Amino acid sequence: MLQQNKGIPAYLDQKELPWQALSDAVVIQAVKDFRAFTRMLRRLQSKAARDHALSEEEQACLRARMDYYRGQLREIRAFFRSDHFSLYSDADGRMILCRLEREMR
């Protein structure tokens, strides 16, 4: 019988632990990034909407930053929707994405 050590599931053997930890970390980081990028994009959009006194250069910089965060969010969404996600987790990536988008409304 496998013993359970310090919160380590009994079904994982010592060879699988590092890989499982890495897989979990990738998914957790994607969730954290999604939340952070969504918040930053909202802040930038709010700034663009309320701050009409920005110079052309400042507006261009603001648009470039918003485009960057939109691109990052597109990549994270694609990751959660991809078949590749199943290599990292048995969870339903589309369901996680749906919950994140609902949470960030």
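Buried means under 20% relative accessible area, exposed means over 50%, and partly exposed is anything in between. Keep that in mind for the close-ups below, which all come from a predicted model.

**Figure 1. Asp33 sits in helix H1.** Is Asp33 buried, partly exposed or exposed? Its relative accessibility is 25%, so Asp33 counts as partly exposed. Look across to Ile76 as well: Asp33 and Ile76 are 43 residues apart along the chain, yet 8.1 Å separates their C-alpha atoms.

**Figure 2. The whole chain is built from three helices and zero strands.** Reading from the N terminus, the elements go α-α-α. There are 105 residues here, and 25% of them count as buried. Now take the contacts between residues at least 6 apart in sequence: 61% of these join residues at least 24 apart.

**Figure 3. Helices H1 and H2 cross at roughly 150°.** Their axes come within 9 Å. Angles over 145 degrees count as roughly antiparallel, and H1 and H2 are therefore roughly antiparallel to each other. What is the handedness of the crossing of H1 and H2? This one is left-handed. Sort the residues of the contact of H1 with H2 by class and you get 17 nonpolar, three polar and five charged.

**Figure 4. Gln59 is a residue of helix H2.** With a relative accessible area of 24%, Gln59 is partly exposed.

**Figure 5. Ser23 is a buried residue of helix H1.** Its relative accessible area is 14%, under the 20% cut-off, so Ser23 counts as buried. Which residues does Ser23 touch, leaving out those up to four places away in sequence? They are Leu87 and Tyr88.

**Figure 6. Ser89 lies in the loop between helix H2 and helix H3.** The helices on either side of this loop span residues 56-81 for H2 and 93-103 for H3. Ser89 has 19% relative accessibility and therefore counts as buried. Zoom in on its side chain and you'll find a polar atom 2.9 Å from the backbone nitrogen of Ala91.

**Figure 7. Helices H1 and H3 pack at an angle of about 30°.** H1 covers residues 17-50, and the axes of H1 and H3 are 11 Å apart. That angle makes H1 roughly parallel to H3. The crossing of H1 and H3 is right-handed. Who meets whom here? On the H1 side you have Val31, Phe34 and Arg35, and on the H3 side Ile96, Leu97, Leu100, Glu101 and Glu103. By class, the residues of this contact of H1 with H3 are five nonpolar, no polar and three charged.

**Figure 8. Helices H2 and H3 pack with their axes 7 Å apart.** The angle between H2 and H3 is about 140°. H2 and H3 are therefore oblique to each other. From H2, the contact takes in Arg77, Phe80 and Arg81; from H3, it takes in Gly93, Arg94, Ile96, Leu97, Leu100 and Glu101. How many residues of each class are in the contact of H2 with H3? There are four nonpolar, one polar and four charged.

**Figure 9. Arg94 belongs to helix H3.** Is Arg94 buried or exposed? With a relative accessible area of 53%, Arg94 is exposed. Leaving aside residues up to four places away in sequence, Arg94 touches Phe80 and Arg81. Those two are the residues to look for in H2, where both take part in the contact with H3.

Conventions. Residues numbered from 1 in each chain as written. Predicted model: local features only at pLDDT ≥ 70, side-chain atom pairs only at ≥ 80, totals over all residues. Heavy atoms only, no water. Helix = DSSP H or I, 4+ residues; strand = E, 2+ residues; numbered from the N terminus. Buried < 20%, exposed > 50% of the residue type's maximum accessible area, 1.4 Å probe, protein only. Polar contact = N/O pair within 3.5 Å; in protein donor to acceptor, adjacent residues only side chain to side chain. Axes fitted to C-alpha atoms, helices over the stretch in contact; angles between N-to-C directions. Parallel < 35°, antiparallel > 145°, perpendicular 65-115°, else oblique. Left-handed = near helix turned anticlockwise from the far one by under 90°. Contact = heavy atoms within 4.5 Å. Nonpolar A, V, L, I, M, F, W, Y, C, P; charged D, E, K, R; others polar.
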